[in-house]
Amino acid sequence: MRIKKKGAIRILLLVSGSLMLIYGIFRNEVTYVFNKAVKICLECIGIG
């Protein structure tokens, strides 16, 4: 019984995470996150 509960929680988390990822893609947040990551990376190196 406990194993089934853990499996159900894992599946629920996987599905909810996937839905949030798809939602972010449809809101065009990919470019925002990518640009932010590039800026942070360049600041760490000392170029930007």
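A: **The nonpolar surface patch and its surroundings**

In this predicted model, a nonpolar patch on the surface is formed by Phe34, Val38, Leu42, Ile45 and Ile47, which together have about 500 Å² of accessible area. One of these residues, Leu42, lies in helix H2, the helix that covers residues 29-45. Leu42 counts as partly exposed because its relative accessibility is 33%, and a residue needs over 30% relative accessible area to belong to a patch. As a general point, an α-helix has 3.6 residues a turn, so residues three or four places apart point the same way.

A search of the whole structure finds zero disulfides. Cys41 is in no disulfide, and the nearest cysteine sulfur, which belongs to Cys44, is 6.5 Å away, whereas a disulfide would need the two sulfur atoms within 2.5 Å. Cys44 is likewise in no disulfide, its nearest cysteine sulfur being that of Cys41. As for their cover, Cys41 counts as partly exposed because its relative accessibility is 42%, while Cys44 is exposed, with a relative accessible area of 67%.

Elsewhere in the chain, helix H1 runs over residues 2-26 and has 25 residues, reaching 36 Å from its first C-alpha to its last, which is close to the 36 Å expected at 1.5 Å a residue. Helix H1 is hardly covered, since the count of buried residues among its 25 residues is one. After H1 comes Asn28, whose phi is positive, near 60°.

Notes: Residues numbered from 1 in each chain as written. Predicted model: local features only at pLDDT ≥ 70, side-chain atom pairs only at ≥ 80, totals over all residues. Heavy atoms only, no water. Patch = residues over 30% accessible without salt bridge, like charges linked within 9 Å, V, L, I, M, F, W, Y side chains within 5 Å. Areas by Shrake-Rupley, 256 points an atom, 1.4 Å probe, with all protein chains shown as cover. Salt bridge = Lys/Arg side-chain N within 4 Å of Asp/Glu carboxyl O. Helix = DSSP H or I, 4+ residues; strand = E, 2+ residues; numbered from the N terminus. Buried < 20%, exposed > 50% of the residue type's maximum accessible area, 1.4 Å probe, protein only. Expected span 1.5 Å × (residues − 1).
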